[in-house]
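Welcome! Have the model open beside you as you read, and pick out each residue when it is named.

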Amino acid sequence: MVVLIVVFGLMLVEAMLSASNERSLRARGGVEAPGDVYKMMRVAYPGAFLAMIGEGAVRGGPPAPVLAAGIALFLAAKSLKWWAILSLGPFWSFRVIVIPGATLVTNGPYRYLRHPNYVAIVGELISVALMTGAVIAGPLATAGFGLLMLKRIALEERALRLR
């Protein structure tokens, strides 16, 4: 239950920030990239966590060392994600919205990784699989959402080249 509250509580905070930034980006002339997989992602992302938490509830959870590893990875993943969010500032959103002529962000984790937010999401998925003991839903959800992220990354790269 704690995992459910923490994961979905943080997801809600991120959704509210994203919605605010999306309004701001559009007001500044931002254009949403066509062909996005966002509609699928907005269902698959919370669905992946629900599936893992559900499996964990049925299985009874993992051994303590696996739980501890999951917690550590979750904290690291969320730290990376929020570093990326703070580095992008008002440019961060769930949707791919580009302001024509805007300068590409290259500070923070973007100095080292092209897509740190997606690295963090993989960390979140793996960590929740560990914390819940989701040996079936965890790998399936991570692989499935990983495929959506590959499509999303390709879209972002095209959008950023056209800015």
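## Before we start

A polar contact is a pair of N or O atoms within 3.5 Å; within protein, one must be able to donate a hydrogen and the other to accept it, and residues adjacent in sequence count only if both atoms are side-chain atoms. This is a predicted model, in which local features need pLDDT of at least 70 and side-chain atom pairs count only at pLDDT 80 or more, while totals for chains, interfaces and linings use all residues. Residues are numbered from 1 along each chain as its sequence is written, and side-chain values use heavy atoms, with hydrogens and water left out.

## Glu156 and its surroundings

Let us begin with Glu156, which is found in helix α5. Helices (H or I, at least four residues) and strands (E, at least two) are DSSP runs, numbered from the N terminus. The side chain of Glu156 makes a polar contact with the side chain of His115, at 3.4 Å.

Is Glu156 buried or exposed? Glu156 has a relative accessible area of 16%, so it is buried. Here buried means under 20% relative accessible area, exposed means over 50%, and partly exposed is in between (1.4 Å probe, protein chains only). Not counting residues up to four places away in sequence, Glu156 touches Val96, His115 and Tyr118; contact means heavy atoms within 4.5 Å.

## Two helices side by side

Now look at α4 and α5, whose axes come within 10 Å and cross at roughly 170°. Axes are lines fitted to C-alpha atoms, for helices over the stretch in contact, and angles run from 0 to 180 degrees between N-to-C directions. The crossing makes α4 roughly antiparallel to α5 (angles under 35 degrees count as roughly parallel, over 145 as roughly antiparallel, 65 to 115 as roughly perpendicular and the rest as oblique).

Which residues make the contact? From α4 they include Tyr118, Ile121 and Leu125, and from α5 they include Phe145, Met149 and Glu156. By class, this contact of α4 with α5 has nine nonpolar, two polar and two charged residues. Ala, Val, Leu, Ile, Met, Phe, Trp, Tyr, Cys and Pro count as nonpolar, Asp, Glu, Lys and Arg as charged, and the others, Gly among them, as polar.

## Aromatic rings

How many aromatic pairs does a search of the whole structure find? The search finds four. One of them joins Tyr45 and Phe145, a tilted pair with 5.4 Å centre to centre and 45° between the planes. Tyr45 lies in helix α2 (residues 38-59) and Phe145 in helix α5 (residues 137-162), so this pair ties together parts that are 100 residues apart in sequence. Rings of Phe, Tyr and Trp (its six-membered ring) pair if their centres lie within 6.5 Å; planes under 30 degrees apart count as stacked, over 60 as edge-to-face and the rest as tilted.

Tyr45 counts as buried at 11% relative accessibility, and Phe145 is buried at 4%. Together with Phe49, these residues form one aromatic cluster.

## Around helix α1

Finally, find helix α1 (residues 2-27), where Glu22 lies. With a relative accessible area of 13%, Glu22 is buried. Leaving aside neighbours within four places in sequence, Glu22 is in contact with Ser93, Phe94, Arg95 and Ile97.

Met16 also lies in helix α1, but Met16 is exposed, with a relative accessible area of 53%. Met16 and Phe94 are 78 residues apart in sequence and 10 Å apart in space, C-alpha to C-alpha.
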